[in-house]
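Colleague: I would like to go through the terms in your description and see what stands behind each of them. Please set each value against its definition.

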Amino acid sequence: MSQAWDTTTAAQLRPNSPALAYATDRMRVGERIAFTASTLNEIAYGLHKAAAAGRTAAGAQLRWLRAQIAAGLIDVLAFDDRAADVACSLRARMPIPPTLTKMARRRSKANDRVAWVMDLQTAATVFVHGYDLVTADAHHPLIATQIHALAPAAPPLFIHPPPQF
Amino acid sequence: MPPESTSQTPRRRQRAPRRTGGHRAQLTVPADIWRQVTSIAHAAGTTPNDALVRLACERLRDHQRALLLQRRADERWRAFAEPDAATAVAADHLSEEDLLELSRAFREDG
């Protein structure tokens, strides 16, 4: 089934990379990879921030990524009305990110909350567009379980580990 | 026949792969599409008819994929939204103040 990559996998896509070869092979067999708009938001933020600080390679990567999207290598899934509805339903039931054991804290609590909202948006977007999610983020199986509780009759949101490039 | 200066051997007519078990059709292809198909066929080393069938196959594959995704997306949405609609009970509308306060919760919670 069609797969959407979250940031943990999507950030590996760059010129001459194994991830690019993989995505190109998928396109040839009619299975384009997808990012959610939220995932693109996360990636683009880092690149814009670096570009604004003078790292020209970040600007180049951003332009390259835009070109891949324009060329149809990557589908970008919109955070639309349905996704917004599902994401907020999830957040109302899980307002803060569950604490995962063995996970070193790298961010402030406030940043954790922002990341959590983005995770919920990503999962909801993938769900309402009919895709499966490729991610290494340990929160997503928990989110998928909550989605199943909200809509038990729905075709489930499958979570796949990132491919071995 | 090509002029002798361009080729010493007669050019063999390009043949498409033999397809069996299909439907034989005669159709009129718009001129501009035929030009493009001919160009694609030339680049791919095949006939315009074969290129036309290949393009149709690719487009059909994309169409089938889009249909499957849309079907699954709609099934998921119905499973999410319909239980809400089924259990809805008549209620008063929220006041403007309540609605504004609830809308602020997104930024203020957590």
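Modeller: A residue is buried if 20 or more other C-beta atoms, placed from the backbone, lie within 10 Å of its own, exposed if 12 or fewer do, and partly exposed in between. A nonpolar core is a set of buried Ala, Val, Leu, Ile, Met, Phe, Trp, Tyr and Cys residues joined through C-beta atoms within 7 Å. This is a predicted model, in which local features need pLDDT of at least 70 and side-chain atom pairs count only at pLDDT 80 or more, while totals for chains, interfaces and linings use all residues. Residues are numbered from 1 along each chain as its sequence is written, and chains are lettered from A and ligands numbered from 1 in the order in which they are written.

Colleague: Which residues touch the most other members of the largest nonpolar core?

Modeller: A4(A), A123(A) and A124(A) do, in a core of 32 residues. Helices (DSSP H or I, at least four residues) and strands (E, at least two) are runs numbered from the N terminus. Of these elements, α6(A) gives the most to the core, 7 residues. Chain B takes part too, as α2 (48–86) of chain B gives two or more residues.

Colleague: What is A123(A) in contact with, leaving aside its neighbours within four places in sequence?

Modeller: Contact requires C-beta atoms, placed from the backbone, within 7 Å. By that test the partners of A123(A) include L133(A), H140(A), I143(A) and L157(A).

Colleague: Why is chain A called as compact as a globular protein of its length?

Modeller: The radius of gyration is taken over C-alpha atoms, and the globule rule is 2.2 Å times the number of residues to the power 0.38. For 165 residues the rule gives 15 Å and chain A has 16 Å, which is close, so the description holds. Chain A has 7 helices and 5 strands, and 30% of its residues are buried.

Technical notes:
Two residues are in contact if their C-beta atoms, placed from the backbone, lie within 7 Å.
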